[in-house]
Amino acid sequence: MRRFLLSFLTFLIFMPAVAQQVATDSVAPRKKVAVVLSGGGAFGAIHVGALKVLEDAGMPVDMVVGTSMGSIVGALYSVGYDSDNIAAMFRSMDWAELFLDRDDVRHLTLRERELRNTYIYERDFYVRDGIDPQPGGVIRGNNVEDVFNYYLQGYTDSLDFQRDLPRQFACVATDLVDDSAAVLTRGSLVKSIRASMSIPGVFTPVRIGDMILVDGGAKNNFAADVARQLGADIVIGVKFDLGLGTDKQYRTLMDVLERSAGSDVSRRARENERYCDLVVRVPVRGFTSGSFTRKAIDTLIVHGDRAMRAKMDSILILKSMLGQRAQGDYSLHLRNIHQLQKPEKEQQGLISNHEDNTLQAALGIRFDTEDIAALQLGARYFPVARFDPEIDLTLRLGSRSMLRVGADIEPSLHKRLGATYEIWFKYHDLYSHGKRCNNLSYLYQNANLKLFSLEAMNFDCELGVGWEHYHVFSELWNENSPYEFERNQHYFNYHARVRYNSEDRHYFTRRGTRAEAQYEYFTDNMARWRSHAGLSVVTAMWQTTFQLSSSTHLRPGIQGRLIFGDDVPIMASNVAGGVRFGKFFRQQLPMAGFWHNEFFDNKLVSASLRLQQRLASKHFILLDGSVAEHSREMKNLFDQGPLWGVSLSYFYNSNFVGPLGASIGWNSYTHRVAFFLSIGYDF
């Protein structure tokens, strides 16, 4: 009896635990949910809106499979960002800059910055052992990797994407070796998405193991089959819909190209829909895969939200099929862009991205109302030799045609010696008080020996000696011309120059200061000028930028050129006008409202002020003003009264071709209104 009572009490004590275990064992494990995100460039923004709806519905997402831009969204989602964070990234990214290979200008020499603001395209052609440094692609994708190394910090080592991420992840690329679709589930997360989005011929392929990988959209742009292969029980697919269902709708070139180029891929994408429990087709009619503007991104996110929200009934049905433990186990949004840490070791000092035995070629194109059209080609060769030599060749074609040859060596770090020779043929109009007075054509030669040059962060200085020669071919003139030109002029100069530039960008500066000071001593025989002391010339400028608001900036500046001595040749006298330093004459100073060149007295100083207003991410309004004084002697500098000018400009800042703008200006010297149009970087 005692033994029976003991057994009965034991049963009563352990019965609840046994019952709970039986009940737990009877509940089937929750089904695994995968979301498949298609490629499509800017169309990838639709995925952000679609994921937002799944979050609102409380739908768990265990796995993301993406292709191309879908792989970018998928990787960000898999490491724990929610849709709001990804949307903020999409809106803040400078997509044009992201898809280029531009280095941070803060770590470039001032000479490299000038080249960066001249050419629309640069490419390295050959490297050591004859291997192309950019095989099969125009863009290396350096900025893409840098950006996503930042956003994916903590997940940049070699990983198993099915085991080491908060959500399982896979992306699809195309292997050029065997022309197959490659499913990437391990390795470098950044390299994998970089491979998945590498548009053939645009980005250089990514080598992973024995594979040479490009954009996965070339083989499988909607990889629902991959999600099933990786064990997904429920698959939700999101893809864009161009709305090109009838022949009458094939009216634009982009329609035809996108449809014809992707016909086989589209067929496979349609076939893969059978692996999905829910397919959400997001209409993107009116946009292209290159619609990366802020407005387009916002609209595409909204389209993705609406298309997914229209499927809410189906989403809730799928959610009900998951099992009893579906609630509360899908909150995997563990990261926030505001909590990201800056790299512990930020890049310091100057950088050099030139490999030995590399030939770098560059192209610049410009159109404006002064030059009409100009083309510039540049080539730089970096041979393997002592003192790191560099050989430069530049050819400019236009109304100002030029050939420049130069060579530098670097005896010690950031200290350079070198020589350059350039020859120009120039043809342009000269003005006197706003009236055209001369059609001048001449040959200009300049040889410069760089005796010492030091380069540092935002700073350089140079000591040198130069030779200049002018040969005037014609000087057609009218009765308004006050100028007389010698047929041949030449002079030697000794010069010292110091420059500082901490501006964050050359065009549409948001912060930083730029300053320059130069002293030159001109002679005609290396010692004297026309039997008396040589000419001394001091040139200086300073400008800085203040932020008034996130979109409004103010940039004051001063500049001047002072000539001391007698018998100043006209080609060395002060010239002002135009929009930049040294455009038509080496000594030319810019002035707001003065679109043409005007010669001024030996002492010239001016002050400038720019109000810069950003209207949208790429649109700017500039209001410029300048005031100047000039005279033959310093003591009489303010006797004539000030000259002043104003201009109003609109610019669109294109990352590919440079600024596109139009300006209207007026000045008190000529009393004339003038217009100026320009496209491209200035050179």
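Met-526 lies in the loop between strand 22 (512-523) and strand 23 (535-547), where helices (H or I, at least four residues) and strands (E, at least two) are DSSP runs numbered from the N terminus. The phi of Met-526 is near 75°, a positive value in a residue other than glycine. With a relative accessible area of 36%, Met-526 is partly exposed; buried denotes under 20% relative accessible area, exposed over 50%, and partly exposed the range in between (1.4 Å probe, protein chains only). A positive phi of about 55° is also found at His-671, although His-671 is not a glycine. His-671 belongs to the loop between strand 30 (658-667) and strand 31 (673-679), and at 54% relative accessibility it counts as exposed.

The model is predicted, so that local features need pLDDT of at least 70 and side-chain atom pairs count only at pLDDT 80 or more, whereas totals for chains, interfaces and linings use all residues. Residues are numbered from 1 along each chain as its sequence is written, and side-chain values use heavy atoms, with hydrogens and water left out.

The protein has 13 helices and 31 strands. Of its 683 residues, 49% are buried. Among contacts (heavy atoms within 4.5 Å) between residues at least 6 apart in sequence, 64% join residues at least 24 apart.

Two helix pairs were examined. Two packed helices are described by the angle between their axes and the distance between the axes. Axes are lines fitted to C-alpha atoms, for helices over the stretch in contact, and angles run from 0 to 180 degrees between N-to-C directions. Helix 2 (residues 45-57) packs with helix 13 (residues 312-320) at an angle of about 55°, the axes being 11 Å apart. The two helices, helix 2 and helix 13, are therefore oblique to each other; angles under 35 degrees count as roughly parallel, over 145 as roughly antiparallel, 65 to 115 as roughly perpendicular and the rest as oblique. Helix 2 contributes Val-53, Leu-54 and Ala-57 to the contact, and helix 13 contributes Met-312, Ile-315, Leu-316 and Lys-319. These residues of the contact of helix 2 with helix 13 comprise 6 nonpolar, no polar and 1 charged. In this classification Ala, Val, Leu, Ile, Met, Phe, Trp, Tyr, Cys and Pro are nonpolar, Asp, Glu, Lys and Arg are charged, and the others, Gly among them, are polar.

Helix 7 (residues 142-151) and helix 8 pack at an angle of about 135°, with a distance of 10 Å between their axes. Helix 7 and helix 8 are therefore oblique to each other as well. The contact is made by Val-144, Glu-145, Phe-148 and Asn-149 of helix 7 together with Val-190, Lys-191, Ile-193 and Arg-194 of helix 8. By class, the contact of helix 7 with helix 8 has 4 nonpolar, 1 polar and 3 charged residues. Helix 8 (residues 189-196) is mostly covered, 7 of its 8 residues being buried. The buried residues of helix 8 are Leu-189, Val-190, Ser-192, Ile-193, Arg-194, Ala-195 and Ser-196.

Strand 15 (residues 372-382) and strand 16 (residues 390-397) run antiparallel and are joined by 7 bridges; the bridge partner of Ala-379 in strand 16 is Leu-393. Strand 16 is also joined by 7 bridges to strand 17 (residues 400-412), again antiparallel, and Arg-396 stands opposite Met-402 in strand 17. Strand 16 and strand 17 form a hairpin with 2 residues between them, and Gly-398 in the turn has a positive phi of about 160°.

Strand 18 (residues 415-432) pairs with strand 19 (residues 435-456) in the antiparallel sense over 17 bridges. Tyr-442 in strand 19 is the bridge partner of Lys-426. Strand 18 and strand 19 likewise form a hairpin with 2 residues between them, with His-433 in the turn at a positive phi of about 55°.

Asn-446 lies in strand 19 and is buried, with a relative accessible area of 14%. Residues up to four places away in sequence not counted, Asn-446 touches Thr-420, Tyr-421, Glu-422, Trp-467 and Glu-468. Asn-446 and Tyr-470 are 24 residues apart in sequence and 9.1 Å apart in space, C-alpha to C-alpha.

Gln-360, in strand 14 (residues 358-368), is buried at a relative accessible area of 7%. Leaving aside neighbours within four places in sequence, the contacts of Gln-360 include Glu-122, Arg-123, Asp-124, Ala-379 and Phe-382.

Technical notes: Two strands pair if DSSP finds at least two bridges between them.
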